[in-house]
Amino acid sequence: VQSFNNVSLCISLSHVDLFSPQNAGDIESTLNILNVLDELLSAGTDRRITYMISKGGSEALLSALVTTARTFSPNFTILLPLLHLLAKVGHRDRRIGMKAEKAEAVLPTLTLLKQNVKHTRRTAACLWVLQVFCSSVTTATLLGQNRGLDVIFRLIPPHTTRHKRTVKAAIDALAALLCSKANVRAAVANGYVSALLKLYEDWHNKDPDHETIPIRLALLHCLHQTTHCSAGRDALVAQGGISLLYHTIQTCLASNGLESLVEPAVQLMRKCYPKCPLPLTSDQSVYTFPLPGRPTDTAPGPQDVSFEDDSDDDIENEEDDDLESDVNKLRSRPEPDRPLEQLGQYVRLCPELHHDFQDLDSDSEVDSSSEEEVEGDQDGKGEPPENHLQACDFHSHFLSSASVKQDSHPSMVDRLLEKHGACIPHHDPRMYTAAAALTKSIPEYSILAFPDFWGHLPPQSKEPMAGRKPNVQRKKVFEDVQRLLNPEDVIDEVVFDLEDPSSQGSPDHSDSLSFFSKFECGNLRKAVHVRRYYDLILNADANCSQHHQWFYFEVSGMAANVPYRFNIINCEKANSQFNYGMQPVLYSVREALEGRPNWLRTGTEVCYYRNSFCPSRGQKSSSFYTLTFTVTFKHNEDVCYLAYHYPYTYSALQSHLQVLQRSVDPRKLFFRQQSLCNTLAGNPCPLVTITACPPSKSWKDLHQLRNRPCVVLTARVHPGESNASWVMKGTLEFLCSSDPVAEALREAYIFKIIPMLNPDGVINGTHRCSLNGEDLNRQWMKPDPVLSPTIYHAKGFLYYLNSIGKTPLVFCDYHGHSRKKNVFLYGCSVKETVWQSGSAVNTATLKEDPGYRTIPKTLDRIAPAFSFNSCNYLVEKSREATARVVVWREMGVLRSYTMESTYNGCDQGVFKGMQTGTGELEEMGVKFCQSLLSLRRNTMLYNRRVISQPTLLNLDDNLLDHKSRNCFEDDEPPCVEEIEYRNDSFPEPNRNDLDSEVNGNTSSAEEEEDDEEEHQTTGNSRRRSMKSRLYPHLIGQETLNIKRSPCNGMNISNGQYLS
Ligand SMILES: [Zn+2]
């Protein structure tokens, strides 16, 4: 407190004294005050300076500066320490620029500079002050308009060993002036970019011992500033800047201690790297689908591609103003979007309510209500098996023979299975082939991807997240830059093009890999062999020009043990779990034939960063991100598949449902697969009913069945979220299993499951949308019956359940989350939303059933991948048309959730540090079902075997009382390497750096020799504290009673220093 009082006192004194020092006595006392202030402010933390600023300290110093500078022959004995103090204080005052303008101190300081360019220390002092003034853009512009740029630029010499501090001050001041766009334009127009490059080169070349790193860094900073406009970037490229930066960095990399120079130079190269349109004829998807009611010739022309990221799962809203704060709106229930009479059509979707179970007592055969059963082709067993099937033979043979439409070699499947067949539970390749034959796609696929056909087993061992090599991104950027610098060794050969059938199929490029993606869920539009690596371009969602994220393609023709680098160059999201340990997945046909049919996490040097590509037709200003990874294949001439995540096709779902149906005992388990409706492309959207058959056909048992609450589960509305399908697979298999908990659940509930809300999107390899180019999870408020039939009828079916008094007890829509780890739920709560939104409504008076928390609390206990802390229950305005919010608000379902599963892995629990596999995803589907038991534990009569499962039944809410953290917090730390180059990623100059420069201005031997004027004044300066060197010689130690306290603070006895 005392020192704050002292500061305060000094300020008021300075007000009085600094204005008009007239004689030597005044000068001395002014200097005393300045020095005491400096001593006070140098000690301890910045709090004192902040305090001084809040008390008008900046204004006092500015007015003193103006008064002194205006005199005919300014007295630098006072001005120099004043400028020094102003630099230190101003550096911490965010409004110093505005204050300086108001005090009319800006141009006088510039004038002082112009008049004193021969005096290096005065020059430096003026430059620092001008630099801090430029914290305001208008001040910087004002300086620029008054020749400030020119004056300062002339102070920057080629390499010299003299006056380095002043040179550095000039470069820093120039960089500060270049915060103004007007100044940047002027600088570029005056050829500063070229001049700065020459200066940078000169300082680099003549500094073999690296003694001027701060100056080189400051020059890079200036270059960074001048390239904020496109003319600046063009100038840098035209002047050979990229090459210069590249080669200077290489020498820096060779020396230790030059790390600080490398990153800014790399960022500068990235920023200036010329924009390159994607080599495509159009940004529109290759796949177009004529929409009913819309003219077919509306091929959208050059589109304004702006990647507005409104995905519900992937971007958290940082702003609370997205929260719905209107309590009435939150509590109101909108009128149904259709007349009640239309709901009658959904009676057929509740067969269990009308079934009479007459066959219960007879030995009837399997329920064969599924109309689409297709037997796999069983003939051909008699043909001789092929002698030796290689993976590479398999590629061409299988692709042609499995052409399901032609049915040319039906025996191939059997022979393969006979020879290499793996036993994968709930998967039958023949059924898969038959199901795929019925699947309708835009490109009319005639080829099956081997992994989907053959099946996948999770690997035996867990897969840890990939470690990130230091500077891996830098290495990739260098490779990208070399492409520009050495165009002669760029091959640039298109090796695959979805639009050009001649480029598909077997490779005629002997040393190139071959690519293929024209199969269900496939997504790869184009592959270009660049140098030793491949640029891959993803196809936009059908009828659309964006949402590039999901990929799935075949690659063949490789040599074993050779690293191949793949760059997916048109990703859109601003960051990715690929920067946090996630790897893509790979499936090897050769491995599968040898008994290891596994999708495995693969890829080294995985990283994700903004690149210099832009849309082929769209805005040049938007750009893309590169996902790069390197794969070293195990076998020569293998056929492999790479994907964003474990694929799960529509045909896989269809065949899976058939297998399940065959696996259940129809006398015990009621399993019915029906079609909710047909999709736009004419694929049936399955709806599955699962419940327990009644023990008898007695009225009592039938009544119990008909009174069971409904649980409605949906998944895969977003096609790229294949993880959701694996979770759903786990749910379906569990519910059909003989597990006692599953039996109990079937006896307690009727499950209505729509496992794939967006079949067309899944089939055609889109990431986010359906064929109408819309996100179906934004259609729930007013779904269009023609364009969004699955949503329209899913909602209609829920209305129907409502109308017959069977409002679902639980609704959950399974999704995948690309930016977070773990598995978690989003729910809906009026109270939490209102509270979080900061609304004035008193939430204590709001009554709400807290039952929506039971399932997440239970999952937190029983599911290792689940994170209760990542859950939230907020109703956002931007999500009001999602399934979760609409089902909650319009159907009145209290427990309406989105379940988000990571693509990557977990950062907590027993799976911590592991990437998720299909096993863990399926387990999550099981755990979700198990958690449903917690809703019934007080009312349900348990099967005895269930009671013996303590983990499920010892659910005590008191033990589950977690405190939710802030739901919006980022769960990833910033990336080690800057993903973006657009941000001003130049390191902020440290405040203490400027302090030490300023402090050094009074003591440096280097400067002393030249400044005759101040020569005699610096005698005993070096004995003084390093922190305060404003004008040390004038105040003897005796005037101050300074005691350093043990904690390095400073005590000054009040009164003594004024003597
Ligand atoms: Zn989603």
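Leaving aside its neighbours within four places in sequence, which residues is asparagine 183 in contact with? The first legend takes that up, and every view here comes from a predicted model.

**View 1. Asparagine 183 and the residues around it.** Find asparagine 183 in helix α12, which covers residues 181-189. Once neighbours within four places in sequence are set aside, asparagine 183 is in contact with Ala140, Thr141, Gly144, Leu149, Leu177 and Leu178. Zoom in on alanine 140: its backbone oxygen lies 2.8 Å from a polar atom of the asparagine 183 side chain. Is asparagine 183 buried or exposed? Its relative accessibility is 3%, and buried means under 20%, so asparagine 183 counts as buried.

**View 2. Helix α4, residues 57-70.** This helix has 14 residues and reaches 20 Å from its first C-alpha to its last, close to the 20 Å expected at 1.5 Å a residue. Why is α4 described as largely enclosed by the rest of the structure? Eleven of its 14 residues are buried, so there you have it. Among the buried ones in α4 are Gly57, Ser58, Leu61, Leu62, Leu65 and Val66. Ser63, Thr68 and Ala69 are buried in α4 too.

**View 3. Histidine 815 in strand β19.** The strand runs over residues 810-817, and histidine 815 is part of it. With a relative accessible area of 0%, histidine 815 is buried. Its side chain makes a polar contact with another histidine side chain, that of histidine 718, at 3.2 Å. Now look for valine 727: it sits 88 residues from histidine 815 in sequence, yet the two are 9.1 Å apart in space, C-alpha to C-alpha.

**View 4. Phenylalanine 928 and the largest nonpolar core.** This core has 229 residues, and Phe928 is one of those with the most contacts inside it, along with Phe133, Phe515 and Phe566. What does phenylalanine 928 touch, not counting residues up to four places away in sequence? The list is Leu713, Val810, Cys812, Tyr814, Leu825, Ile855, Leu859 and Met899. Another core, of 31 residues, lies apart from the largest one, and Ile791, Tyr799, Tyr800 and Val893 are among its members.

**View 5. Stepping back to the whole chain, with its 40 helices and 24 strands.** Of the 1059 residues in the chain, 60% are buried. Take the contacts with a separation of 6 or more: residues 24 or more positions apart account for 79% of them. The accessible surface of the chain comes to about 41900 Å², and carbon and sulfur atoms hold 51% of it.

Terms used: Residues are numbered from 1 along each chain as its sequence is written. This is a predicted model: local features need pLDDT of at least 70, side-chain atom pairs count only at pLDDT 80 or more; totals for chains, interfaces and linings use all residues. Side-chain values use heavy atoms; hydrogens and water are left out. Helices (H or I, at least four residues) and strands (E, at least two) are DSSP runs, numbered from the N terminus. The expected span of a helix is 1.5 Å times one less than its number of residues. Buried means under 20% relative accessible area, exposed over 50%, partly exposed in between (1.4 Å probe, protein chains only). A polar contact is a pair of N or O atoms within 3.5 Å; within protein, one must be able to donate a hydrogen and the other to accept it, and residues adjacent in sequence count only if both atoms are side-chain atoms. Contact means heavy atoms within 4.5 Å. Accessible areas come from the Shrake-Rupley method with a 1.4 Å probe; for residues, only the protein chains shown count as cover. A nonpolar core is a set of buried Ala, Val, Leu, Ile, Met, Phe, Trp, Tyr and Cys residues joined through side-chain atoms within 4.5 Å.
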